[in-house]
Amino acid sequence: MSGDTGSSLPEDLDGRPKRPSRARSRLLARARVGWPRALRELKDLLYEVYLAAGAPSLDEISGDIAADDGLLGAPSRDTISRVISHSERPQQQSDVVAVATVLARRAAWDAADLARRVRELWVRSRMAQGVGRPIGDLRDDLRLVLDQGLGIHPALNTEDARDRFSILPAYVPRHHDARLKTVVDAAVDGHSGIAVLVGGSSTGKTHALWEAVRELQDGWRLWHPLTPTAPEAVLTALPDIAPRTVVWLNEAQHYLAPDPLGEQVAAALRELLTDPLRAPVLVLGTLWLEHWDALTTAGPAHPVGRHAGARALLDGHKIDVPKAFTPAELAALGAIADADPRLKQAARHADDAQVTQYLAGVPYLMDRYHAAEGATRALIHAAMDARRLGAGLHIPLDWLADAAPGYLTNTEYRALDADWLSKALAYVTTPCNGIPGILTPVNTSGPRNQRSSRRPLAPDPQGPHYLLADYLDQHGRRHRAETIPPIDFWTAAATHAHPADLPALGEAARARGLHRDGAQLLKNAASHGNPRAARDLVDHLRTLHPTDTRPAQWAAADAVLGNPDDVAGLLRALEGAGAQEHVAALARRAVADALLDHPADVVELLWTLGQAGAQEQVAVLARRVAADVPLGNLANVVVLLGALEGAGEQEHAAALARRAAAHAPINNPANVAVLLGALAGAGEQEHVAALARRAVADAALGNLADVTRLLRALGESGAQEHVAALARRVAADAALDNAVDVTVLLEALQGAWGAGAGRCPGRARRRRRRPRQPGRRHRAAVGVAGSWDAGAGRCPGSACRCRRRPQRPGHSRLAAVGIGRGWGAGAGRCPGRAGRRRRRPRQRS
């Protein structure tokens with residue numbers, strides 16, 4: 001397998017053994033490990049030391065182990081190969097330690113330290129356990145799959161059926177179950193997949209998912225990420241997802257909709273599903289139809305790009321769950337209903353064949369809702385209206401309490417007593433036959449089962465919050481869509497609603513002709529730091545009162561500023577209102593207070609200021625950008641340089657360029673290449689040289705593709721002397737084990753070559769001349785001084801035919817262009833793409 005030669009030696013005519021001609025052993029492949037992380041780290045570490053040791057043959061490694069009586073392991077050649085190259089965990093720790101120890105000695109590493117690290121990683125990989133819990137545990141205790149576990153609603157408990165039968169009634173397969181089974185069966189066969197059940201509340205989506213996976217064989221796990229928040233839970237534990245894991249995303253909007261974590265979750269799940277080393281993984285989710293539309297539909301209400309990652313993840317994986325049973329499904333239900341009184345009652349009394357809703361207890365919720373009177377019913381309607389008009393899930397009690405009186409008739413209002421609120425809360429929070437009540441208090445005690453100490457949360461300044469039952473939420477959206485809430489609702493919203501909900505509530509009021517309430521809500525939102533709300537307020541009131549400049553005056557003086565993009569929108573709104581005086585006032589505030597964290601928004605603000613003729617403020621903002629903008633992302637710095645140039649602020653552009661060239665992090669060679677190109681294009685050769693010196697000295701060499709981009713940029717920007725210096729660093733320090741990357745790097749070197757090289761390494765060049773470097777007549781053909789002279793023996797150009805005898809044959813780290821570990825000492829062949837001839841390397845005696 002390794003290409004090793006035998007151990008017997010031929011003899012010459014005198015009977016003396018001939019010196020063996022060493023044949024190159026075949027390079028072992030790198031192990032590809034997806035999970036667990038400890039095993040992946042172990043295999044990467046072993047391969048790293050294997051390369052550092054010069055990629056010895058299996059026989060050489062085996063011989064070193066056999067010669068050391070102190071090693072406990074004695075692996076065979078096949079075992080050594082599996083230890084280094086195979087993806088599975090080695091069975092014997094002693095074998096791994098033995099291989100690591102002899103490789104460390106050959107590589108001049110600290111053998112004892114490497115052995116310790118290998119032992120730790122081997123133990124961690126053996127003890128690794130994927131996230132989630134075995135599905136068998138859930139089958140054995142169905143309480144774990146209900147609302148507080150996987151989210152399945154408990155069914156009715158008619159005639160003590162839960163005690164007599166099971167917590168969940170017998171399941172009736174439906175049309176969508178067949179499609180879901182196809183995805184699950186493919187996962188069983190080893191193919192990762194995703195399915196999302198889409199339907200209304202209590203239509204049986206979550207129960208269908210459970211029935212699809214409950215019979216998965218032992219070895220499958222189910223993971224329901226919840227804390228600290230749904231998206232954070234996914235992103236934190238994603239690397240620990242083992243093959244044969246079900247990722248449970250009940251109510252998937254909580255994972256995919258939050259900005260910006262939702263897009264990160266979508267991207268991470270797509271990567272997980274396409275990674276063959278992690279397969280099979282099964283991602284299952286549920287969504288209401290409106291949440292599906294919000295995540296996957298582009299249009300005025302859902303701007304293109306807002307959830308692009310979620311659309312890419314979900315597209316083609318929707319399985320609709322109808323709210324009603326078909327006649328065939330009702331017949332199947334009738335065939336088994338006599339055995340379970342819950343199914344019998346559902347089959348007999350479910351309206352419009354909505355069996356699952358009936359089983360989930362929704363009728364009891366609806367009965368209590370319809371039975372509610374006076375202040376209790378008003379409290380429920382206030383909660384329904386809050387949700388449908390823009391409030392979040394958690395509604396402040398103070399809002400509901402202040403709004404409820406507005407829903408009462410005069411007779412009901414006069415009949416209110418002092419403790420009406422406590423009576424109403426007692427009614428709406430009472431569980432309905434085993435399911436939560438109409439309103440549920442929000443638990444603010446924090447997460448459970450955390451190893452870190454739990455600290456009590458500070459009291460919410462808005463007081464208690466309540467959650468409206470999801471079915472009643474949908475009911476309110478359908479049946480109260482044309483109802484305009486009373487004045488008390490809007491005034492209470494302006495006082496108690498969460499600041500993030502105020503813009504949506506303001507637009508809802510404006511759309512219903514309640515301009516005063518809408519203006520107050522938008523004004524409050526702007527006072528809490530939302531310049532976009534201030535812009536909408538100015539636009540709205542300008543439409544109603546074109547000559548009234550007071551809204552513009554207030555926005556310019558009092559709106560809280562932050563995001564430069566929103567500030568730019570407010571400036572345009574003021575300019576559209578003809579309030580030039582207030583444009584100038586806002587511009588002065590904006591350039592002093594605007595955040596500089598997002599370069600694209602800063603560019604937008606610069607452009608808007610220029611369009612408004614506020615050149616003085618453009619200069620002030622440009623000065624702030626040049627002095628204070630973060631330099632962490634060089635690509636963003638390039639964007640800002642272009643914006644400053646376009647705004648006519650060449651002086652500040654030059655100042656930013658100087659600061660970036662001197663202080664920007666240069667750990668990413670690709671970003672350095674972008675900045676070099678921008679500086680060279682602007683004629684800033686002094687800054688090109690300064691940045692080139694830093695990049696050559698400190699740029700990371702881990703990614704050869706990025707290093708190649710940097711080499712090209714150095715050559716194109718006129719910094720040829722730094723091309724040579726960077727090439728020497730690459731020769732000395734880079735890991736050059738990928739032949740394709742090395743070839744591309746060589747082409748970049750030949751493309752970046754400038755005057756003074758002394759010889760062209762180009763693919764089609766044929767002429768040669770001696771380098772004009774006195775005392776250095778054996779330097780590299782690509783002008784990388786001191787890189788090629790030791791043992792390369794041939795020009796690295798792709799099609800060059802020239803050869804020369806190396807001055808120091810056998811030098812241990814030399815190669816065709818001085819990139820020793822890329823081509824390797826003694827390789828005997830030019831790494832250029834079209835090199836044809838070979839020669840055997842000279843052996844050191």
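Biologist: Which residues does Thr-245 touch, not counting those up to four places away in sequence?
Modeller: Thr-245 touches Val-131, Trp-220, Arg-221, Trp-223, Pro-280, Val-281 and Leu-282. Contact means heavy atoms within 4.5 Å.

Biologist: What should I know about the model itself?
Modeller: This is a predicted model, where local features need pLDDT of at least 70 and side-chain atom pairs count only at pLDDT 80 or more, while totals for chains, interfaces and linings use all residues. Residues are numbered from 1 along each chain as its sequence is written, and side-chain values use heavy atoms, with hydrogens and water left out.

Biologist: Back to Thr-245: buried or exposed?
Modeller: Thr-245 is buried, at a relative accessible area of 0%. Buried means under 20% relative accessible area, exposed over 50%, and partly exposed in between (1.4 Å probe, protein chains only).

Biologist: Where is Thr-245 found?
Modeller: In strand β4, residues 245–249. Strands (E, at least two residues) and helices (H or I, at least four) are DSSP runs, numbered from the N terminus.

Biologist: What lies 2.7 Å from a polar atom of the Thr-245 side chain?
Modeller: The backbone oxygen of Ala-242.

Biologist: Now the whole chain. How many helices and strands?
Modeller: The protein chain has 40 helices and 9 strands. Of its 845 residues, 47% count as buried. Take the contacts with a separation of 6 or more: residues 24 or more positions apart account for 69% of them.

Biologist: Strand β2 next. How many of its residues are buried?
Modeller: 6 of 6, for residues 193–198. Gly-193, Ala-195 and Leu-197 point one way, Ile-194, Val-196 and Val-198 the other way, and all are buried.

Biologist: Which strands does β2 pair with?
Modeller: β2 pairs with β5 (residues 281–287) in the parallel sense, over 6 bridges. It is also joined to β6 (residues 318–320) by 3 bridges, again running parallel. Two strands pair if DSSP finds at least two bridges between them.

Biologist: What are the partners of Val-198?
Modeller: In β5, its bridge partner is Leu-287. In β6, Val-198 stands opposite Asp-320.

Biologist: What about Glu-251?
Modeller: Its phi is positive as well, about 55 degrees, and it is not a glycine. Glu-251 is in the loop between β4 and α11. At 34% relative accessibility, it counts as partly exposed.

Biologist: Which residues does a cis peptide bond join?
Modeller: Trp-35 and Pro-36, with omega about 0 degrees. Also Asp-259 and Pro-260, with omega about 10 degrees. Pro-36 is in the segment before α1 (37–52). Pro-260 is in the loop between α11 (253–256) and α12 (261–273).

Biologist: Switching to the open sheet. What is the strand order?
Modeller: β7-β9-β8, 3 strands with antiparallel pairing. β7 (394–396) and β8 (439–441) stand at the edges with a single partner strand each, so one side of each has no neighbour in the sheet. The twist averages 40 degrees from one strand to the next.

Biologist: Which residues stand opposite each other there?
Modeller: Pro-396 stands opposite His-465 in β9. Pro-441 stands opposite Tyr-466, also in β9.

Biologist: Last one, helices α19 and α23. At what angle do they cross?
Modeller: At roughly 75 degrees, with the axes of α19 (residues 374–388) and α23 (residues 470–479) coming within 9 Å. Axes are lines fitted to C-alpha atoms, for helices over the stretch in contact, and angles run from 0 to 180 degrees between N-to-C directions. The two helices are therefore roughly perpendicular. Angles of 65 to 115 degrees count as that, under 35 as roughly parallel, over 145 as roughly antiparallel and the rest as oblique.

Biologist: Which residues make the contact?
Modeller: Met-384, Arg-387 and Arg-388 of α19, with Leu-472, Asp-473, His-475, Gly-476 and Arg-477 of α23.

Methods:
Polar contact = N/O pair within 3.5 Å; in protein donor to acceptor, adjacent residues only side chain to side chain.
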